[in-house]
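Please consult the sequence and the structure shown below.

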Amino acid sequence: MIRRAVAFLGALALAAMLFSLAGSVPEGKKLPAAIPLPGEGVPFLFIEARGDSFSSLPPTSLPGESGKAAPVLRGLRSLFPFLAKAEETAVLFSLKEGRPFVDGVLRFGGDESESIAGGVVPETWNSPLRAGEVSGDIPGLFELKGGPSPLFPLYFCGRDGVTLVGSAPERVHAMIALLEKGTGGINVSWSVEKRWPNHFLFFDGGLASHFASEEGIPVEPGGISVTAAWRGDRSGGRLKWETDGLEIFSSPGMPAKISPVTWDDRFLAPEPFIASFGISLPEIPAPLFRKAGAGEWSLSETVGIGGKELNELSAGPVMASLAGTGKLLVFSLPGILFQLPGRGSAGTDFANSFWNREWSSLVPAVEKLEGFPEGGTASIPFSIVCAGNQEMLRIGVIDRDHLKPEKKKKITDFVPLMKEGKRAVFWAFLDGPALAEAIRSLARTGKIVEKMGRSAGVNMKTVLRASEALEKAGILSVVMPSLEKGVFEWKISPSSVKDK
């Protein structure tokens, strides 16, 4: 039950982060005042936004749509076009006893508003959803069908120039009472970018701490909330958020507090720069690292990282990239590069010992890398680098040409958000179209390998679906100056805009 609930709330949070579009701050009657407050400890997602922001949900499948969250995601994909018809919206999604509920107040304009006030369903609502009048104690109540459960059917009616929407007639009745009373509903004072047109507030109801404790992670009980604002248009947008309640993870046995670091010219950003992330890591206790599953990776046998080496290498910035190119026998593949600065003698010792493992007997020769006295690179049987000096340790599968100083590109060349403040605890970058092409290239290589009598385990249908989704995702980047704050930016690819 807990896992399903977490999947549901995660789906809602992801959907909220993908909304984009410009508008103005709602004026006149405050729509949230007619929405009942969620009960204490109830997980919820509350959105106050321009209606057209819902129309920007990508038409492609969202991550997890084939999993346990699939029914909720399909319900949201049916509901958002309906919400997009409104000029202003205030919608509360909540989860109680494992069931999702919807409470919303919408303001429509022009003919639609007049139709609803007159008890007539606007013709534009009949596709893809269908509405029909319901007999009962609420005059002018309609049932909205056509979307998948568990979010549908919904019920709505027009009152005082707004439309009230709920998961059940009694929920609509409660909103009517609040509307007539004028007080007692939701009242959120947005603390993040007040002038931006769209905001949301997410509260997990203590699910994160509950789930963590069930997994044996030492945490304090409590809830986590996220407040965010976003703006943009069909070519892209920006979202900012602030998180409250993360102190529940500041318990004995957990890593020390993460501090922001500078992501400067020490780091290489090889072209093509497809995907990358940087994170500031505290010292990770070896038992906690093993508990996270590292023991299954056979790191000690493969590259010589045991408990002592892990303690020496873990703390500090780590940058991982899918960038440049690498070679496996005669095949050219996207390169992989890890960069760990400031590891001192621990880094140089590791670079030296890396090439003394059993597998290294397959490497004919190791070439020194300029500026790195320990370790080096190899090109046979595939491109390998593991080289270190007192200031930097580089390890990966990438052609040595991408490591030359004259080839150097900066992180800020690809992640403009980093120019606003190079210090961060975490950042990430994804070029969806470039990754889509890389995946298709890997698939082509896999087919060639299969013709040579080896199974590459490549499912072409899955590959094509993934590449199509990435193509439409555009270019995404996120920067977190601290664990409590962050900025997410997206640029939609031309093909995605055309599809809309």
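## Aromatic pairs

Trp-263, Phe-267 and Trp-427 form a cluster linked by ring pairs. Rings of Phe, Tyr and Trp (its six-membered ring) are paired if their centres lie within 6.5 Å; planes under 30 degrees apart are stacked, over 60 edge-to-face, and the rest tilted. The model is predicted: local features need pLDDT of at least 70 and side-chain atom pairs pLDDT 80 or more, while totals for chains, interfaces and linings use all residues. Residues are numbered from 1 along each chain as its sequence is written, and side-chain values use heavy atoms, without hydrogens and water.

The structure contains 14 aromatic pairs. Phe-354 and Trp-355 have ring centres 5.1 Å apart and planes at 85°, so this pair is edge-to-face. Phe-354 is buried at 5% relative accessibility, and Trp-355 is buried with a relative accessible area of 10%. Buried denotes under 20% relative accessible area, exposed over 50%, and partly exposed in between (1.4 Å probe, protein chains only).

Ala-351 lies in helix 9 (residues 344-354); helices are DSSP runs of H or I with at least four residues, numbered from the N terminus. Its relative accessible area is 0%, so Ala-351 is buried.

Ala-351 and Gly-375 are separated by 24 residues in sequence, with a C-alpha to C-alpha distance of 4.8 Å. Leaving aside residues up to four places away in sequence, Ala-351 contacts Glu-374, Gly-375, Cys-386, Ala-387, Gly-388 and Leu-393 (contact: heavy atoms within 4.5 Å).

## Helix 5

In helix 5 (residues 207-214), the buried residues are Leu-207, Ser-209 and Ala-212.

Notes: Helix = DSSP H or I, 4+ residues; strand = E, 2+ residues; numbered from the N terminus.
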